[in-house]
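User: Hello! I am new to this structure and would like to understand the words used for it. Could you take me through them?

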Amino acid sequence: MLRFLPVLLCASALAQDSEFFEAKVRPVLAAQCYQCHGPDKQFGGLRVDSREALLAGGKRGPAVMPGKPDESLLLRALRHQDGLQMPMGGRLKDGEIAAMEQWVKDGAPWPARFVPVSSLPDRYPRQAREHWAFQPVRKPALPAGRDAHVVDRFIRAALEKAGLAPSGQAEKRVLIRRLTYVLTGLPPTAQETAAFVSDPSPRAYERLVDRLLQSPRFGEHWARHWLDVVRYGETRGYEWNYEIIGAWRYRDYLIRAFNEDVPYDQLVREHIAGDLLERPRINAAERINESVIGTAFYRLGEAGHDNCIQFREIATDVVDNQIDTLTKAFQGLTVSCARCHDHKLDPIPAKDYGSLYTILNSSRQVTHTIDTPEVSADTVRRLKGLKEQIRAELAATWRREAAALPGRLRHWRDSLPKTAAMEDPALPWLEL
């Protein structure tokens with residue numbers, strides 16, 4: 001196993017480099033540099049939409065020296081050093097410059113070879129045809145065998161093809177420990193282990209599985225994995241780390257969903273549009289609408305705290321994070337890469353990103369009442385009764401005030417100093 005560890009770490013590092021580049025570097029280059037140094041124009045002979053172009057540089061020489069940010073012309077221009085001041089619209093934010101410095105310091109990794117836009121339409125259909133992830137689901141032929149479970153037949157067939165044999169049967173003490181850890185994330189107690197080891201019944205294992213699946217610890221353990229997928233947190237992160245009010249309700253909703261074995265397709269519907277379902281899933285015991293809670297995952301994630309009208313990037317980053325989480329969780333795709341350009345690896349054009357952005361950006365974030373109607377029925381009934389009393393009292397007050405109004409106006413008129421206009425009989429003034 002250890003011999004594979006460096007490969008796995010390298011793959012992880014490459015993924016991190018790619019995500020950092022797509023989130024922090026390429027958006028800056030696309031928004032601030034491509035107009036003057038992109039495919040259409042190359043002021044000073046410099047083009048910045050590929051690593052090769054940056055290394056080649058322009059009339060002043062290479063724009064980037066991998067691993068050497070202080071010697072890179074690009075960084076010196078962004079820092080406004082040595083008389084170089086880019087971009088033309090003004091200095092970048094400190095955080096953007098810091099990200100560019102880190103990128104160059106890491107060797108200026110560029111995840112994908114530059115692909116001209118004109119070649120993308122032909123490449124996308126080929127990806128959809130050839131990549132396994134985009135193929136229709138099909139039912140393969142069932143391998144022969146005596147295993148009761150169909151999955152075991154496929155595993156055994158693959159082992160035999162590789163010249164391997166399944167491991168031997170684990171002893172019961174090992175079996176209960178493995179199973180309890182897998183299903184609940186906790187070790188079995190000494191009493192549970194002793195009871196299972198001493199149980200001679202051929203159905204002892206089945207009963208153990210059923211008991212662990214019925215344990216509330218099952219949902220608590222497995223919900224943690226999904227909470228990681230949807231980047232669950234109870235605060236906003238960023239500088240002031242505001243609390244996300246009610247985030248814990250989403251956590252508990254997810255635990256209940258796992259413990260109640262809610263079908264996956266139902267869980268997906270509740271996450272994407274749980275507030276729009278015609279027949280939401282109702283928790284009769286808790287008297288709450290479970291489906292609407294699923295949409296709370298949109299509210300999770302980092303968010304800035306400044307004026308998002310003046311600084312539009314704050315709001316656009318929130319929506320970009322929603323798109324990134326939504327598509328990674330339910331499609332297994334990095335759609336957010338298409339924020340600034342047609343995707344280089346998956347068949348996702350920037351136009352599709354824009355369409356999804358429009359849907360999420362135009363969806364108003366609100367606070368939902370998750371209680372079922374009967375929870376507040378008595379309160380609503382009392383409020384309706386009070387509303388009639390309030391209406392009657394207001395009407396009586398308005399009638400009294402209206403009746404007293406002429407006298408109050410006459411008193412006000414008589415208290416005013418006389419003027420020539422008020423004495424002129426041809427100009428009636430406040431005839432009451």
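Analyst: Gladly! This is a predicted model. The lining of the largest pocket has 18 nonpolar, eleven polar and 17 charged residues.

User: What makes a residue of that lining count as charged?

Analyst: Asp, Glu, Lys and Arg count as charged. The lining includes K24, E313, D317 and R339, which lie nearest the centre of the largest pocket together with A23. K24, E313, D317 and R339 are therefore charged, whereas A23 is nonpolar.

User: Which helix gives the largest share of the lining, and how much space lies in the pocket?

Analyst: Helix 1 gives the largest share, twelve residues. Helix 5 (94-105) and helix 15 (312-331) each supply at least two. About 1,400 Å³ of space lies in this pocket.

User: What is the volume of the second largest pocket, and how does its lining divide?

Analyst: Its volume is about 960 Å³. The lining divides into 18 nonpolar, seven polar and six charged residues. T295, A296, R299, V366 and H368 lie nearest the centre, and helix 12 (247-259) is one of the elements giving two or more residues.

User: Why is I155 called partly exposed?

Analyst: I155 has a relative accessible area of 44%. Buried means under 20% and exposed over 50%, so I155, at 44%, falls in between and is partly exposed.

Methods: Residues are numbered from 1 along each chain as its sequence is written. This is a predicted model: local features need pLDDT of at least 70, side-chain atom pairs count only at pLDDT 80 or more; totals for chains, interfaces and linings use all residues. Side-chain values use heavy atoms; hydrogens and water are left out. Buried means under 20% relative accessible area, exposed over 50%, partly exposed in between (1.4 Å probe, protein chains only). On a 1 Å grid over the protein atoms alone, a cavity is a set of points where a 1.4 Å probe fits but cannot get out, and a pocket is an open set with protein on both sides within 12 Å along at least five of seven lines; lining residues have an atom within 4 Å of a point. Grid points are joined across faces, edges and corners, and a volume is the space filled by probe spheres set on the points. Helices (H or I, at least four residues) and strands (E, at least two) are DSSP runs, numbered from the N terminus.
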